[in-house]
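I opened this entry to look up charged side chains and their partners. My notes follow the order in which I checked them.

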Amino acid sequence: MQEEIRILKEGEQEELERFLERAFGHGRGFFTRRSPNLWAQATECALILKSEDKILGHVGTYPLELVVGPSTIHTGAISAVATDPSVRGKGYMSKLMETSIGIMADRKMPLSVLWGDRQRYGHFGYEHCGLRYKLDLNRRSLERARIKPAIIEEVDPGDPSVVTRVRQLHSTLKYRVERKFFDLVLKRFGGIRVFLGDEGYLISQGQYSSGDLVLEEVVSPTGREPELVLGAMNRTFAQKASLELEAISTPSQRRLYEAASYWTVAPQGMFRIVDWPRLACALSPYFAQAATKLPPFEISIGCQWQGKVQVATITWDGSNFTSREGRGAASYVELEEPQLVGALLGGPFFTKSLGLFGRLLPVPIHIPYLDKA
């Protein structure tokens, strides 16, 4: 039985959708409704395994541009990992995942992210890390924080002028995902609600329901996020709202924390370093900004996975931060890839062995549910 692993071709989209519906047990049209922004890229990013002209496996490998302050990380997002129920246990998932990691390396994506089981994907080097806060806000907590509602209106997410305005406001976020298909992102999940005002915008789930809000995003360049939340609660007769944020302290974030009734912390997802020297280089502008109060240092860091080691040498001279491939510093530390990505992005991972560089960690990132593959 001849097997072929390749990117989806034009004309195979419907076959792939029927395969995914069968593999996951979802209803007809689920994937095009849930993720139109991903489906628009299927013939560039959907990796399939075919045998006897039949799709037997799939791994989506989609580009995700993570903006981290002055840095941008070209990231590969893994989506809809599936094998035909009749052929599970034959190693097709492993073949597809390894091929996907190779494609990300070829496409110069130094980091990868997915959302799944730790044991299942830990086999491929992925680790839960990257911190996010989930805030619960209610009328009592907002009142105690002396928040007054912003004036907002619900708008049509399909209106091109709305898409343009929301895109402009979204670009003011220091930690975000660049959205190539912003109009399609606003159509995810079978319907979302968008509220817009002079202070910014708010996006929530549940276009067809009123009441308590599950917030996807709140953006206010003037730092009035709590006011937007209360304004949306008033519009929808909600008693409470929930919101996820990157785990970093800014004036706007602190106002939201102070207005919250409760918070929890959880990982952003499962991450894997694909190309460590390239990732260190991409993050250098962020590290330069974060290192201003540290004395000069230099360290070489090895990223080891399954017998292969990638090394980057990181140098801070007090004014310039540089990264180069190879071992060029007297100080050398080697970590397994899951340990390094965990230390880099945050979680219960030790950074003491990384010396002064460890004081720049974790790197704050944020992938809203809107942008998850």
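**Charged pairs**

I looked up arginine 224 and found it partly exposed, with a relative accessibility of 32% (buried means under 20% relative accessible area, exposed over 50%, partly exposed in between; 1.4 Å probe, protein chains only). The model is predicted: local features need pLDDT of at least 70, side-chain atom pairs count only at pLDDT 80 or more, and totals for chains, interfaces and linings use all residues. Residues are numbered from 1 along each chain as its sequence is written, and side-chain values use heavy atoms, with hydrogens and water left out.

I then checked the salt bridges (a side-chain nitrogen of Lys or Arg within 4 Å of a carboxyl oxygen of Asp or Glu). Arginine 224 pairs in this way with glutamate 227, the closest N and O atoms being 3.5 Å apart. Glutamate 227 is buried at 3%. Glutamate 227 also meets arginine 255 in a salt bridge, at 2.7 Å from N to O. Arginine 255 sits in helix α11 (residues 251–259) and glutamate 227 in helix α10 (residues 225–236), so this pair ties together parts 28 residues apart in sequence; helices are DSSP runs of H or I, at least four residues, and strands are runs of E, at least two, numbered from the N terminus. I noted arginine 255 as partly exposed, at 27%.

Next I looked up glutamate 217, which forms a salt bridge with arginine 179, the closest N and O atoms being 2.8 Å apart. Glutamate 217 is in strand β11 (residues 213–219), and arginine 179 is in the loop between β8 (175–178) and α9 (182–185), 38 residues apart. Glutamate 217 is buried at 5%, and arginine 179 is buried at 5%.
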